[in-house]
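Here is a short report on one protein model. Keep the sequence and the structure side by side while reading.

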Amino acid sequence: MRSSAVRASAIRRWRSASAERGARSIGVDLSPQMIAAARQRRPEGDLRVADASQLPFADGELSGYRAEKLFHALDEPTAALAEAYRVLTPGGRIVLIGQDWDTLVIDSDDPQLTRTIVHARADTFPSPRAARQSAVSCSTPDSRTSLSRRGPAS
């Protein structure tokens, strides 16, 4: 059976989607409180406390890696991306889901105020442009890894 790592906060959606494809999910989160909350919902789940840049897996152990709404909250998202590559088996897939907080579009009657609010919100994150920057980093993965990247719904 294949294994994939995912943050505990997204474990419910990922678990059912991966089970349909014959894969086993492993939830990973830095917060022991988030892992405890996930364990209350899914006591049978494989849930682990770990840092995204130091995953508790051997080189090439996982067939997939999925991070949702994570990279913008990291001080060093490129370290987490490098770690994702490390744990992937040859031909493994990485799925990154997140927003680029500096390109958030909101229509309002006061565009100047809206821009101020959007940029102020973006400035609250360590890496508000991680989605864009990770996509650039993913454009030159090592030859053993292929990527699955889905843009916004049209």
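Which residue is the bridge partner of Asp29 in strand 3? The partner is Val49.

## Overall layout

The model is predicted. The protein has 154 residues, and 37% of them count as buried. It holds five helices and five strands. Read from the N terminus, the elements follow the order β-α-β-α-β-β-α-β-α-α.

Contacts across the chain can be sorted by sequence separation. Among contacts with a separation of 6 or more, 62% are between residues 24 or more positions apart.

## Strands 2 and 3

Strand 2 covers residues 23-29. Strand 3 covers residues 46-49. The two run parallel and are joined by four bridges. Between them the chain passes through helix 2, and this β-α-β crossover is right-handed. Helix 2 itself spans residues 32-41.

Asp29 belongs to strand 2. Is Asp29 buried or exposed? Asp29 counts as buried because its relative accessibility is 6%, and the cut-off for buried is under 20%.

## From Asp29 into the loop

Ser31 sits in the loop between strand 2 and helix 2.

Ser31 has a polar contact of its own. Its side chain reaches the backbone nitrogen of Met34 at 3.1 Å. Ser31 can also be placed relative to Asp51. The two are 20 residues apart in sequence, and their C-alpha atoms are 8.9 Å apart in space.

## Strands 4 and 5

Strand 4 takes in residues 62-68, and strand 5 takes in residues 88-97. How many bridges join strand 4 to strand 5? Six bridges join them, and the strands run parallel. Arg66 stands opposite Val95 of strand 5. The chain gets from strand 4 to strand 5 by way of helix 3, residues 77-87. This β-α-β crossover is right-handed.

## Helix 4

Helix 4 runs over residues 111-122, 12 residues in total. From first C-alpha to last, helix 4 reaches 16 Å. That is close to the 16 Å expected at 1.5 Å a residue.

Which residues of helix 4 are buried? They are Thr114, Val118 and Ala122. Seen down the helix axis, the buried residues fall within an arc of 70°, so they line one face of helix 4.

## Thr114

Thr114 is part of helix 4. Its relative accessible area is 13%. The limit for buried is under 20%, so Thr114 is buried.

What does Thr114 touch, leaving out residues up to four places away in sequence? Thr114 touches Ile106 and Ser108. With Ser108 there is also a polar contact, side chain to side chain, of 2.4 Å.

Asp123 is in the loop between helix 4 and helix 5, and helix 5 covers residues 130-138. Asp123 has 63% relative accessibility. Exposed means over 50%, so Asp123 counts as exposed. Asp29, by contrast, counts as buried at 6%.

Asp123 and Asp102 are 21 residues apart along the chain. Their C-alpha atoms are separated by 8.7 Å.

Note on methods. Residues are numbered from 1 along each chain as its sequence is written. This is a predicted model: local features need pLDDT of at least 70, side-chain atom pairs count only at pLDDT 80 or more; totals for chains, interfaces and linings use all residues. Side-chain values use heavy atoms; hydrogens and water are left out. The expected span of a helix is 1.5 Å times one less than its number of residues. Buried means under 20% relative accessible area, exposed over 50%, partly exposed in between (1.4 Å probe, protein chains only). The arc is that of the directions from the helix axis to the C-beta atoms. A polar contact is a pair of N or O atoms within 3.5 Å; within protein, one must be able to donate a hydrogen and the other to accept it, and residues adjacent in sequence count only if both atoms are side-chain atoms. Contact means heavy atoms within 4.5 Å. Two strands pair if DSSP finds at least two bridges between them. A crossover is right-handed if, with the strands pointing away from the viewer, the path from the first strand over the helix to the second runs clockwise.
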